[in-house]
Amino acid sequence: MSDESAPASGSRGFAAFRSRDFRLLIFGKVFSWTGLHMMMVAIAYQVYDLTGDVMNLAYIGLSIFAPAMGLALFTGYVADRFDRRLVLALCFVVMLASALLFLTITLAGMPDIWPVFAVLVLLGVGRAFYMPAANSLVPNLVPVTDLPNAIAWNTSIHKIGQVVGPALGGMLYLVGPEIVYATASLCFVIGIIATSLIRTKVERTGREPISLGTLLAGLTYVYSKNVLFGAITLDLFVVLLGGVTALFPVFAKDILEVGASGAGFMRSAMAAGAVVSGLALTQIALDRAVGRILFFTIFIYGAATLLFGLSEIYWLSLLAMGLIGASDMISVYIRVTLLQIATPDEMRGRVSAVNSVFTGASNEIGEFRAGAMAALIGVVPAVLVGGVGAIIVTAAGWKLFPDLVKVERMDREL
């Protein structure tokens with residue numbers, strides 16, 4: 001377990017992989033997150049291909065996010081009060097059950113669309129408990145001096161799953177969606193086995209009784225830290241306005257005419273940009289102008305969203321998604337590192353749950369916003385409005401959160 005009293009430093013390279021349990025966590029995450037994103041690209045394209053209704057793409061994001069919002073007060077509490085290894089393993093079991101149900105529905109010919117949304121809610125429950133437990137477990141597996149490096153690798157591996165999963169899912173979808181769900185099921189089985197082999201046990205012996213104050217402790221803590229609150233709030237509104245991933249099937253089928261595999265590669269281009277910047281972050285230490293770097297990367301995110309909305313050329317669209325992914329990765333790394341380093345271990349689960357809800361709101365509700373707006377004003381205008389909105393929010397955040405702008409380095413004194 002990490003030494004909480006030691007100062008955070010900028011270890012680089014593969015320093016975090018000296019920990020056996022961290023290697024197991026990452027190994028399981030590679031497969032499970034690949035399987036998850038294989039499923040997501042297949043579900044989106046399958047639903048749109050069968051119904052042709054863009055609003056169904058909005059409902060996909062809403063179905064996944066609803067459990068995270070509804071269970072927000074409990075997911076962090078569970079991560080802080082129970083063995084985080086067990087929580088992760090059970091989350092993978094839920095995701096495995098979801099994949100098997102999607103396989104069953106597909107083999108049955110998908111006579112109705114509502115069972116898809118019901119299974120998506122189940123999948124959302126697994127994701128809701130996974131994020132706080134996984135994020136809060138990372139600091140327990142490495143020395144505190146390796147924590148920024150571990151966070152960089154953990155986030156990069158997350159993005160690698162977003163690269164491999166959609167690309168593989170899009171290609172396997174050409175054979176049949178049932179192949180995608182069967183392969184995803186195997187990935188979740190590997191994730192369960194790897195997580196079960198982690199030895200580090202993280203469980204509180206003196207548990208606080210469940211109360212409203214205990215459940216709200218994470219939100220109270222974040223709100224009391226102006227820098228953390230500013231970083232999370234900024235991410236919430238920028239991604240909520242600028243998110244375009246829900247519209248990939250429409251762009252792939254109707255505008256760029258590249259089909260299901262093209263939709264997968266657009267997701268992969270976004271994640272590939274994130275992987276490049278994420279791997280770069282494992283080799284360097286951000287020890288100056290952190291706040292200004294955060295705002296600069298968010299501005300790039302909004303500008304690249306505008307580029308994607310205006311593009312009718314496939315390679316240019318891929319480039320725009322790569323820029324979006326690269327800039328988003330840097331802002332995510334800064335935010336998550338600030339949260340993990342500045343939060344006591346006994347509260348990391350609840351603080352991570354707050355971050356997960358804000359992130360989920362920006363991603364899933366952002367997808368609902370994109371789908372609903374596309375249905376009202378058209379796909380391209382919806383993307384352009386989102387890009388302009390993201391840039392405006394970035395400018396407003398510079399004025400509203402001056403303490404965040406002034407952050408020079410990431411440490412515990414925030």
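Which residues does Val383 touch, not counting residues up to four places away in sequence? In this predicted model, they are Val244, Leu247, Phe251, Thr305, Phe308 and Gly309. Val383 itself is part of helix 16, which spans residues 379–400. With a relative accessible area of 1%, Val383 falls under the 20% limit and is therefore buried. Thr106 is 277 residues from Val383 in sequence, and the two C-alpha atoms are 31 Å apart in space.

**Single residues**

| Residue | Relative accessible area | Class |
|---|---|---|
| Val383 | 1% | buried |
| Ser327 | 4% | buried |
| Glu408 | 35% | partly exposed |
| Glu257 | 64% | exposed |

Ser327 belongs to helix 14, residues 314–342. Setting aside residues up to four places away in sequence, Ser327 touches Thr297, Ile300 and Tyr301.

Glu408 is found in the segment after helix 17 (402–405). Its contacts beyond four places in sequence are Asp287, Arg288, Ala289, Val290 and Arg292. Gly291 lies 117 residues from Glu408 along the chain, yet the C-alpha atoms of the two are separated by 6.4 Å.

Glu257 sits in a loop, between helix 11 (248–255) and helix 12 (259–281). Although Glu257 is not a glycine, its phi is positive, at about 55 degrees. The relative accessible area of Glu257 is 64%, over the 50% limit, so this residue counts as exposed.

**Helix 5 and its two partners**

Two packed helices are described by the angle between their axes and the distance between the axes. Helix 5 (residues 114–141) packs with helix 6 (residues 147–175) at an angle of about 140 degrees, and the axes are 9 Å apart. Helix 5 passes helix 6 in a right-handed crossing. On the helix 5 side, the residues in contact are Asn135, Val138 and Pro139; they meet Leu147, Ala150 and Asn154 of helix 6. By type, four residues of this contact are nonpolar, two are polar and none is charged.

Helix 5 also packs with helix 2 (residues 54–70), where the axes come within 7 Å and cross at roughly 40 degrees. Helix 2 and helix 5 are therefore oblique to each other. Their crossing is right-handed. Helix 2 contributes Asn56, Tyr59, Ile60, Ser63, Ile64, Pro67 and Ala68 to this contact, while helix 5 contributes Phe117, Leu120, Val121, Gly124, Val125, Arg127 and Ala128. The residues of the contact of helix 2 with helix 5 comprise 10 nonpolar, three polar and one charged.

**The two sides of helix 9**

Which residues of helix 9 (residues 217–224) are buried? They are Ala217, Gly218, Tyr221 and Val222. These residues cover an arc of only 130 degrees around the axis, so they lie on the same side of helix 9. The face turned away from that buried side carries the exposed residues Thr220, Tyr223 and Ser224.

Terms used
Residues numbered from 1 in each chain as written. Predicted model: local features only at pLDDT ≥ 70, side-chain atom pairs only at ≥ 80, totals over all residues. Heavy atoms only, no water. Axes fitted to C-alpha atoms, helices over the stretch in contact; angles between N-to-C directions. Helix = DSSP H or I, 4+ residues; strand = E, 2+ residues; numbered from the N terminus. Left-handed = near helix turned anticlockwise from the far one by under 90°. Contact = heavy atoms within 4.5 Å. Nonpolar A, V, L, I, M, F, W, Y, C, P; charged D, E, K, R; others polar. Buried < 20%, exposed > 50% of the residue type's maximum accessible area, 1.4 Å probe, protein only. Arc of directions from axis to C-beta. Parallel < 35°, antiparallel > 145°, perpendicular 65-115°, else oblique.
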